[in-house]
Amino acid sequence: MLKREIFLIANGTGAKLGEFLIELNFDQPGILATLSNIFAEHDVNVINVAIDSSRLTIHYIVDLTMVADDQLKEIPKQLQMFAFVKKVRYRTSNAPLFVPRWITHVINGKPALSLEKELVAYLNDPSKLAEEIAKRDAKTVKELAHAVDPVTLEEAIYIAQLRGLLSVEATEVKQGRLRARLCNLAHPIARRYLEVFTAEVGASAKLAEEGACLVLES
């Protein structure tokens, strides 16, 4: 049985990692192979690839360590040249922590909460459940990053999105401070998760309500 790591968290220390989201105009046989060949031609190592249920969006996580900057600029241009490609989005990072930003987990098209099996015992205690999830995720972050600065925290916040606890609507790191707007909250555990998670990773953070969303400032 294939065991796929649901969080797809990669340790980026010493590596340049990238995330590509490719939207398609239509589906046809051979698209995945054609797009993957573009990465191969530039010596890009594909770490993970996922296709949504509509088969109109493809998500790649890639290692760009051996790719020069001028090559990197050519990759999205070459991906975009096919008639079946509607739009290409990509980002790169050298941060010690890399978390996919353009993946959400769903079941039958509806947002799903991702839990380790042993945490099911806490379903009747939402506060305790949030604390246990947050502590596990914070431990993972601290194992990958020696220091959790605002840039690393910005990346780490997306773990909560992968968990299905919230959607990261916007983030900004400015003058050494992080501001993140977090929506589609899984009440009542999302806020408690954020409180425990930021404390566990050693980040001083404030949470404020903004309509139906939360704003985190650290």
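**View 1. One disulfide is found here, counting a disulfide as a pair of cysteine sulfur atoms within 2.5 Å.** What you are looking at is a predicted model, where local features need pLDDT of at least 70 and side-chain atom pairs count only at pLDDT 80 or more, while totals for chains, interfaces and linings use all residues. Residues are numbered from 1 along each chain as its sequence is written, and side-chain values use heavy atoms, with hydrogens and water left out. The bond runs between Cys183 and Cys213, with 2.0 Å from S to S. It ties together distant parts of the chain: Cys183 sits in strand β10 (residues 177-183) and Cys213 in strand β12 (residues 213-217), 30 residues apart. Strands (E, at least two residues) and helices (H or I, at least four) are DSSP runs, numbered from the N terminus. The torsion about the S-S bond is about 110°, so this disulfide is right-handed. Both Cys183 and Cys213 are buried; buried means under 20% relative accessible area, exposed means over 50%, and partly exposed is in between (1.4 Å probe, protein chains only).

**View 2. Here is the largest nonpolar core, with 44 residues.** A nonpolar core is a set of buried Ala, Val, Leu, Ile, Met, Phe, Trp, Tyr and Cys residues joined through side-chain atoms within 4.5 Å. Leu182, Tyr193, Leu194 and Phe197 touch the most other members. At least two residues each come from β6 (97-98), α3 (126-144), α4 (150-156), α5 (158-163), β10, α6 and β12. In soluble globular proteins, nonpolar side chains tend to be buried together.

**View 3. Zoom in on Tyr193 and Asp137, which are in contact.** Contact means heavy atoms within 4.5 Å. Setting aside neighbours within four places in sequence, Tyr193 also meets Ala130, Ile133, Ala134, Ile159, Ala160 and Leu165. Asp137 belongs to helix α3. Is Asp137 buried or exposed? Its relative accessibility is 3%, so Asp137 counts as buried. With neighbours within four places again left out, Asp137 has Phe7, Ile159, Arg163, Tyr193 and Phe197 as its contacts.

**View 4. Thr198 is part of helix α6 (residues 189-200).** Thr198 counts as buried because its relative accessibility is 5%. Beyond neighbours within four places in sequence, Thr198 is in contact with Ala203, Ala205 and Leu216.

**View 5. Lys206 is in strand β11 (residues 206-210).** This lysine has a relative accessible area of 53%, so it is exposed. Which residues does Lys206 contact, leaving aside its neighbours within four places in sequence? They are Val215, Leu216 and Glu217. Lys206 and Leu185 are 21 residues apart in sequence, and their C-alpha atoms are 17 Å apart in space.

**View 6. Leu32, Val46, Val49 and Ile51 make a nonpolar surface patch of about 250 Å².** Patches are made of residues with over 30% relative accessible area and no salt bridge, joining like charges within 9 Å and nonpolar side chains (Val, Leu, Ile, Met, Phe, Trp, Tyr) within 5 Å. A salt bridge is a side-chain nitrogen of Lys or Arg within 4 Å of a carboxyl oxygen of Asp or Glu. Strand β3 (residues 45-51) gives the largest share of the patch, three residues. Val49 is found in β3, and its relative accessible area of 34% makes Val49 partly exposed.

Terms used:
Areas by Shrake-Rupley, 256 points an atom, 1.4 Å probe, with all protein chains shown as cover.
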